[in-house]
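Subject: Structure for you to look through

Dear colleague,

Here is the structure that I promised to hand over, with my notes below it. Please open it beside this message and follow along.

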Amino acid sequence: MTHASSYTRVPDPGEYVAFEPFDNDFPADSPSVTPDGPPDFAAIRAHPDFVHVRRRLTRFVFPASALFLAWYLTYVLLAAYAPGFMAHRVTGSVTVGLLLGLSQFVTTVAIMLAYARFTRKNIDPKIAALRHAAGERHHER
């Protein structure tokens with residue numbers, strides 16, 4: 001969904017239909033899509049499959065973030081309180097501090113690749129199934 005600022009004129013969507021009529025496994029008393037309106041996001045959020053996907057994503061994101069933050073803070077604390085260790089030359093002009101600093105970039109890329117792989121294998125298929133169950137029609141660009 002795009003958000004237009006007060007300075008942006010959004011073109012008329014024309015015949016674009018984001019959602020098709022519902023035929024899904026959501027409870028009959030709380031359908032995810034009303035025939036004449038947008039999806040019922042509260043019903044989708046309460047759906048057990050959606051709750052499972054959110055928990056699974058949270059179990060990946062929070063530990064990965066905590067580990068990276070701990071690694072970064074360790075680097076900062078070493079730089080602040082162990083300058084002799086960080087200034088130790090490994091070879092030529094290359095110091096331990098330089099290697100640890102560059103490894104921050106390597107760690108960032110590794111976490112990004114792990115996240116992309118995790119979501120591609122574990123999250124995206126389940127979200128696609130939930131969208132299908134909610135009646136969302138997928139439009140290719």
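Is Thr95 buried or exposed? Thr95 is buried, at a relative accessible area of 16%, where buried means under 20%, exposed over 50% and partly exposed in between, computed with a 1.4 Å probe on protein chains only.

Before going further, please note that this is a predicted model, in which local features need pLDDT of at least 70 and side-chain atom pairs count only at pLDDT 80 or more, while totals for chains, interfaces and linings use all residues. Residues are numbered from 1 along each chain as its sequence is written, and side-chain values use heavy atoms, with hydrogens and water left out.

Thr95 belongs to strand E2, residues 94-95; strands (E, at least two residues) and helices (H or I, at least four) are DSSP runs numbered from the N terminus. Leaving aside neighbours within four places in sequence, Thr95 is in contact (heavy atoms within 4.5 Å) with Met86, Ala87, His88, Arg89 and Val90. A polar atom of the Thr95 side chain also lies 3.1 Å from the backbone nitrogen of Leu98.

Not counting residues up to four places away in sequence, Ile123 touches Val53, Arg56, Leu57 and Phe118.

The aromatic residues deserve a separate paragraph. A search of the whole structure finds two aromatic pairs, which require ring centres within 6.5 Å for Phe, Tyr and Trp (its six-membered ring), with planes under 30 degrees apart counted as stacked, over 60 as edge-to-face and the rest as tilted. The rings of Phe60 and Tyr115 have centres 6.0 Å apart and planes at 40 degrees, so this pair is tilted. Because Phe60 lies in helix H2 and Tyr115 in helix H4, the pair ties together parts that are 55 residues apart in sequence. Phe60 and Phe118 form a stacked pair, 4.6 Å centre to centre with 10 degrees between the planes, and both of these residues are buried, whereas Tyr115 is partly exposed, with a relative accessible area of 36%.

Definitions and conventions: Polar contact = N/O pair within 3.5 Å; in protein donor to acceptor, adjacent residues only side chain to side chain.
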